[in-house]
Amino acid sequence: MKIGFIGLGNMGKPMAMNLLKAQCDLTINDVNQSIMEELSAMGAKTAATPAELARKVDIVITMLPNGNIVEQVVNGPQGILAAAQPGLCILDMSSVAPGFTRKMADLAAKKQVDYMDAPVSGGVKGADAGTLTIMAGGASEVVAKCRPILEILGGKIYEVGAVGAGDAVKMINNLLLAVNMAATAEAFTLGAKIGLDPKVMFDVISTSSGNSYALEAKMQNFVFKGAFEPGFMIDLQYKDLELAVQTGKESKVPLMIANVVQQLYGQAQAAGLGKEDISAIIKPLENLTGIQVRM
Ligand code: NAD
């Protein structure tokens, strides 16, 4: 089976590298030429546009920043659908809105192209290790066709429902991640300000009821080290909160916490931190309080 991969960023690059390591026949496309050259040197074939890539493969994986870019790559003038043959399958692993995915699946169906969503969790570390949690949404025969690829990329693969259902679960997960990260940053700043050692707080809380992924992965690997290279960018987390906030409005579910937390990420963007890891949400607080939470 010939595989195409579009979007070779913090997540897509290590995922594509795992497909190459598994001896897959891989063709890649990205607007960033230097990433294309790097993966080409490792054995990937390259395509100048998504349309050119679509002509050469059976399944196209997309791992792109947001819905606007997915739409351009799938349905733009040089997009996948402009060149797709019936029977092609699009596997979108980006984090986008469930309704958007259903719309793209309808467009694809008009060209007899299959479409499924399979967003992921586990960060760059999980992408590197091939242990991502994958939330698959789509017709069972389409998911079955893509499953061998998902098994190379992920550790746990959940089939969660019809097309768009994977994106819905991912949106809820990332709402919780955003809240947990902001709350953990705030709590640790308070602890440090009143004289607690970050290591003592980490040791106790990571085995207590205040534990979370934000504490274990993000405080430990980013904040304590003062290393804020992404990882998962604040800009992308803001985008995921927007998906949740919009869905809350459409569904008439008030989201008091999500709305406030989105403003915290917006504040970090305004401070120039959009391209840093979400753990940098602590920096505005550190600046305000004059304390740094480091080991
Ligand atoms: P990223 O910004 O690092 O990578 C995006 C890649 O897409 C870049 O290489 C960029 O050059 C490429 N790109 C942009 N526009 C393009 C276009 N028109 N055509 C071809 N390539 C294009 O983002 P990321 O962190 O890899 O995230 C990708 C997706 O995965 C996002 O939807 C994000 O929310 C989600 N996600 C990220 C993480 C994480 O920890 N970083 C974890 C889970 C899910």
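Let's start at Thr62, which sits in strand 4, residues 59–62. Keep in mind as you look around that this is a predicted model. Is Thr62 buried or exposed? With a relative accessibility of 0%, Thr62 counts as buried, because buried means under 20% relative accessible area. Its side chain also has a partner: a polar contact of 2.7 Å joins the side chains of Thr62 and Asp92.

**Around the ligand**

Now turn to the ligand. The residues around the ligand number 27, and Asn10, Met11, Asp30, Leu64 and Lys239 come nearest. What kinds of residues make up this shell? They divide into 14 nonpolar, 10 polar and three charged.

| Residue with the polar backbone atom | Ligand atom | Distance |
|---|---|---|
| Gly9 | oxygen | 3.3 Å |
| Leu64 | oxygen | 2.9 Å |
| Pro65 | oxygen | 3.3 Å |

Taken alone, the ligand exposes 830 Å², and the protein buries 90% of that area.

Which helices each supply at least two residues of the shell? They are helix 4, spanning 67–75, and helix 12, spanning 234–251. Helix 4 gives the most to the shell, with three residues.

Where does the ligand lie relative to the domains? Domain 1 (2–162) and domain 2 (168–289) both give residues to the shell, so the ligand lies between them.

**What the record says**

The unreviewed UniProt entry carries the annotation "domain: 6-phosphogluconate dehydrogenase NADP-binding" for residues 2–161.

You can find Lys170 in helix 9, residues 165–193. Lys170 counts as buried, because its relative accessibility is 7% and the cut-off for buried is under 20%.

Asn18 lies in helix 1, residues 12–21. Asn18 is buried, with a relative accessible area of 10%. A polar atom of the Asn18 side chain lies 2.8 Å from the backbone oxygen of Ala127.

Gly122 is in the loop between strand 7 (120–121) and helix 7 (123–129). With a relative accessible area of 26%, Gly122 is partly exposed. How far apart are Gly122 and Met11 in sequence and in space? They are 111 residues apart in sequence, while their C-alpha atoms are 9.8 Å apart in space.

Most residues other than glycine have a negative phi, and most peptide bonds are trans. With that in mind, take a look at some exceptions.

Gln112 has a phi near 55°, a positive value in a residue other than glycine. Gln112 lies in the loop between helix 6 (98–110) and strand 6 (114–117). At 56% relative accessibility, Gln112 counts as exposed, because the cut-off for exposed is over 50%.

Lys252 also has a positive phi, near 55°, and is not glycine. Its place is the loop between helix 12 and helix 13 (256–270). Lys252 is exposed, with a relative accessible area of 73%.

Which form does the peptide bond from Pro230 to Gly231 take? This bond is cis, with omega near 10°. Gly231 lies in the loop between helix 11 (213–223) and helix 12.

Definitions and conventions
Residues numbered from 1 in each chain as written. Predicted model: local features only at pLDDT ≥ 70, side-chain atom pairs only at ≥ 80, totals over all residues. Heavy atoms only, no water. Near = heavy atom within 4 Å. Polar contact = N/O pair within 3.5 Å; in protein donor to acceptor, adjacent residues only side chain to side chain. Areas by Shrake-Rupley, 256 points an atom, 1.4 Å probe, with all protein chains shown as cover. Helix = DSSP H or I, 4+ residues; strand = E, 2+ residues; numbered from the N terminus. Nonpolar A, V, L, I, M, F, W, Y, C, P; charged D, E, K, R; others polar. Domains from an automatic or database assignment. Buried < 20%, exposed > 50% of the residue type's maximum accessible area, 1.4 Å probe, protein only. UniProt positions renumbered as here; feature names shortened; annotations may be inferred.
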